[in-house]
Amino acid sequence: MTHKEFISSEMMDHKNRLQGKGLKALFDQEPQRFSKYSTQCDGLLLDFSKNFIDEQSFAALTSLAVSKNLRQNIDAMFSGKYINNTENRQVLHTALRARPEEIPCQYGEQIEVARKKMFALADKLESGDLKGSTGKPINTIVNIGVGGSDLGPFMAVEALQHYHTTSTRFLFVSNIDPVQISSAMKQCHWETTLFIVCSKTFTTLETLANANAARSWFLQQGGSIQDIKHHFLAVSTNLEAAAEFGIPEENLFPMWDWVGGRYSLWSAIGLSICLAIGKKGFQQFLDGGNSMDQHYRSAPYEKNIPVIMGLLGVWYSDYFQSQTQAMICYDQNLVQFPNYLQQLDMESNGKTVQKDGSATDYATGAILWGGVGTNTQHSFHQLIHQGSHLIPVDFIVGTQSHVPIANQHRDLFSNCLAQSQAMMQGRSIETLMEEMLAKGMQRDEAEQLAKHRFIEGNKPSNTLVYQRLTPFVLGQLIALYEHKIFTQSVIWNINAFDQWGVELGKQLSKTIGTAIENPEQAHQQDSSTQGLINFYQNNQ
Ligand code: F6P
C-alpha cells in the first residue's frame, strides 16, 4: 500500500470540508450528535461525537476498515493464525480471558493449569497461609520485571487498590538504576517478602540484574539458599533459565510465545494483580477483557468501540497529520494508565515497514502521552487549547467514586466534561468582546486582549465513561485499547506484535559496557560516545 492508495482524495475532501466547518458548527447542524455518535459495551460508554465526522465521512472511514479486511484479520487473530509474521508466532492473549469453550483447543489445558496455580496462591495469601521460611506471613510482594512484565501489573495493582483483598504491600522494580531496587529493599523484611521475577525471555538485563540484587540482599539479610524457595517465584517461557537462577520447579509459572510481553498481564505475568485482588477479582478482570473481545468480534463497525477509536486514530494521524494522541484519565486510580498504554501502543505500532517488507510512506503509530485530570489542566492543557498542534484527546472518567467526599467527584466529572467542551467549541472573539465590554473595559484594550484570550476550539476528543473502575471495567478498557491498536495496525498493514527496534540498543549497550571496562576498546566508538565514556571514566 502506498500513500497515494491510502490517502484517497475522497477522504481528503471530507477532511477539508469538516475542518473548514468546525466542530461547533457540526453540533449546531446536527443537534442529535450524541445519540448518533455514541455507543456502549456492557456499561462502558464511548461518546465520539466531538470528532471531525459526519455521516458521509464516518461511512468512508468504516469502508476503509472493510477494504482492509479488518473482520478477516480479527478472525485470524482470535483463531490462532500466525499473524506475527516476523517471529512466526500466533497472537493469542485473548485466549487467556476466553470462556473455556472458546479457547483454541490446544492451549486450553495449559491456560487452566496455570490459572489454577495462580488462584491457589491468591487463596493462600488471602487466608494468611502464605508464609516465609521462618513461618511469618508474607506481607510484601515485589514484582521484578520491565516493559510488559512490569507496566501492566504495576498499573492494574494501583488501579484496583479499592479491590485489594489483603493489606499486602506491592512494590514494582523495573529499572537497571540501582536506586529503585535499593529503595524497595528499604521497605522490605526478608522474612515476610515474596519476590516474583517476571520475564518472558528470562534474558532481560534489567530483570536479571535486579533479581540477582534481590537474592543477594535476601542472603545478606539472613535468608539461606534453602529459604529461597519460600521467597522467590518466577514467571517465564524460559523455565530452564529460571530454574538455573535457583527457583525450584514448583515456584515456576509458565508463559507462552503466543502471548506478547505487552499483552501479557492476562497470563501469570499478572500474578501480582491476582494476588492483590484475589481469584474472584481476577476472574472479573478476565471477564471484562472477554466482554470487550465479544463486542470487538461481533458489533457492527458503526457501533464497535475499538474499531471506531482505531479508525479515528488513523483519521487524525494520516489525514490531519496530528502526530500525537493525548490520554487524560479523570480517575486517580488510572495514574499509571498512560505509561502502560505508551508501551502497548508505541511498541506495537511504532513501525515503518509493512507486513510484506515494503516501506510505509504514510504516518503510523501516534506519539502517546498523558496524565490524570484535573492535574493535567494545570500543566499541559494550555498547549492543547491554544498551541499550534492538533492533539486529539481520549478522556476517561467514572460517574461514581469509591471514596466520596463532599462534591469532589461531581467536580472531577464536570471538569472532565468542561475540558472536552472547551476543546470542541473554543471561545470566539465576539463572545470575549461582549464579556469584556460588559465589565466596562475600553474597546481598544478589549480588542487587544481578545486576541490573546481567543480559543479556536476544534480540538477533537473521545470520552469513555463507566460507573466505577472495577476489575471488570479495567479489563474492558485494556482489551479495548489492545483492539484499537490492532485495528490501526491492520489499516496501516504493519505487524503490531514484534518489536525489532528495541534490539539494537540492547546490543550496543553490551559493547559500550565492555568499552567502559576496557578503555583500550573505547577508540572503536564514534567520537561522541568515546568522549562520553572518557568523561564517565574521569569522573569515577
Ligand atoms: O525491550 C522490550 C521488551 O522486549 C518488551 O517487549 C518486553 O515487554 C520487555 O522487553 C521485557 O521482556 P521480558 O519479559 O522478556 O523480560
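Residues are numbered from 1 along each chain as its sequence is written. In this predicted model, local features need pLDDT of at least 70 and side-chain atom pairs count only at pLDDT 80 or more, while totals for chains, interfaces and linings use all residues; side-chain values use heavy atoms, leaving out hydrogens and water.

Helices (H or I, at least four residues) and strands (E, at least two) are DSSP runs, numbered from the N terminus. An open sheet is formed by 6 strands in the order S1-S2-S11-S10-S8-S9, with mixed pairing; two strands pair if DSSP finds at least two bridges between them. Strand S1 (38-41) and S9 are the edge strands, each pairing on one side only. Within the sheet, strand S2 (residues 44-47) runs antiparallel to strand S11 (residues 461-466) over 3 bridges, and Leu45 stands opposite Val465 in S11.

Helix H14 packs on this sheet, touching S8, S9 and S10, where contact means heavy atoms within 4.5 Å. Among the buried residues of H14 are Phe337, Tyr340, Leu341 and Leu344; buried means under 20% relative accessible area, with a 1.4 Å probe and protein chains only. Their cover includes helix H8 (151-159) and helix H19 (471-492).

Elsewhere, Glu10, Met11, His14, Arg17 and Leu18 in H2 meet Gln56, Ser57, Ala60, Leu61 and Leu64 in H5. By class, this contact of H2 with H5 has 5 nonpolar, 3 polar and 2 charged residues. Nonpolar covers Ala, Val, Leu, Ile, Met, Phe, Trp, Tyr, Cys and Pro; charged covers Asp, Glu, Lys and Arg; the others, Gly among them, count as polar.

Methods. Buried means under 20% relative accessible area, exposed over 50%, partly exposed in between (1.4 Å probe, protein chains only). Axes are lines fitted to C-alpha atoms, for helices over the stretch in contact, and angles run from 0 to 180 degrees between N-to-C directions.
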